[in-house]
Amino acid sequence: MIKTENLNKTFQTEDLETTALCDLNMDIQAGEFVSVMGPSGCGKSTLLNVLGLLDDISSGAYYFLGTDVTGYNERQRAEFRKSNLGFVFQSFNLIDELTVYENIELPLIYLKVASTERKPRVEAMLERMEIAHRRNHYPRQLSGGQQQRVAVSRATITNPKVVLADEPTGNLDSTQGKEVMELLHQLNEQGTTIVMVTHSPTYAKWGNRTIQLFDGKIVKEKNNGKFHA
């Protein structure tokens, strides 16, 4: 599903060139749950941004379902993201002025899904994520765990092929963190491919494979087998 070939990403300033990703070769199959680990500054978040077509690459190639998406323009990138990807962030990135219902509904509006179809899909997601009783609340009225449930709901309401999760448990306590990991695990069991950046060895084990990055390179890969919660 996802393949990179000799992928490089450098950041250039007037005085300094920093290599974030270096000759990175990676294959992720459909239905995998891949955890990406490594120290701060090793390129984990940059990798997710590249996979999400939020950052350009400096050289190399990135294939998605066999198509080279490296040279996509901004319009093509936007369509690609809407059609294929869901994003979950450490800081939730919910819109404070919108209710829980409206935050979840927003991606469907962007996709121009008819209102008659949006309503049952959002209602079903609210029930599935056990936040229906919070539908009219605003993000600031929710706990961290509830906000991340809304974020996961928004990321998956369009049934994306891949969910990119950047430290999704980073702002949560252990109980809330486990709840979010259980949600991601359920999504993966239902067929969604997940690529998750994490600092936690415990949460990394929820993936069936762990990739270790160091200085922008893959230095180790480990097969975790099938996870049992």
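1. The model is a predicted one, in which local features need pLDDT of at least 70 and side-chain atom pairs count only at pLDDT 80 or more, while totals for chains, interfaces and linings use all residues. Residues are numbered from 1 along each chain as its sequence is written, and side-chain values use heavy atoms, with hydrogens and water left out.

2. The largest pocket has a volume of about 410 Å³, and of the 15 residues that line this pocket, Leu-85, Phe-87, Pro-107, Tyr-110 and Arg-154 are the closest to its centre. A pocket here is an open set of points on a 1 Å grid over the protein atoms alone, where a 1.4 Å probe fits and protein lies on both sides within 12 Å along at least five of seven lines; lining residues have an atom within 4 Å of a point. Grid points are joined across faces, edges and corners, and the volume is the space filled by probe spheres set on the points.

3. At least two residues of the lining of the largest pocket come from each of helix H2 (74-84), strand S6 (85-89), helix H3 (100-110) and helix H5 (144-156), with S6 giving the largest share, four residues. Helices (H or I, at least four residues) and strands (E, at least two) are DSSP runs numbered from the N terminus. By class, this lining holds nine nonpolar, three polar and three charged residues, where Ala, Val, Leu, Ile, Met, Phe, Trp, Tyr, Cys and Pro count as nonpolar, Asp, Glu, Lys and Arg as charged, and the others, Gly among them, as polar.

4. The second largest pocket has a volume of about 150 Å³, and its lining includes Met-37, Pro-201, Lys-205 and Asn-224. Two or more lining residues are given by each of helix H7 (201-204), strand S9 (209-214) and strand S10 (217-223), and the classes are three nonpolar, three polar and three charged.

5. Helix H3 is largely enclosed by the rest of the structure, because eight of its 11 residues are buried, buried meaning under 20% relative accessible area, exposed over 50%, and partly exposed in between (1.4 Å probe, protein chains only). Among these buried residues are Tyr-101, Ile-104 and Pro-107, and the buried residues of H3 pack against H4 and H5, with contact taken as heavy atoms within 4.5 Å. H3 is followed by Lys-112, which has a positive phi, near 60 degrees.

6. Ser-153 lies in helix H5 and is buried, with a relative accessible area of 0%; leaving aside residues up to four places away in sequence, Ser-153 touches Ile-104, Met-125, Met-129 and Ile-131. Glu-79, in helix H2, counts as partly exposed at 37% relative accessibility.
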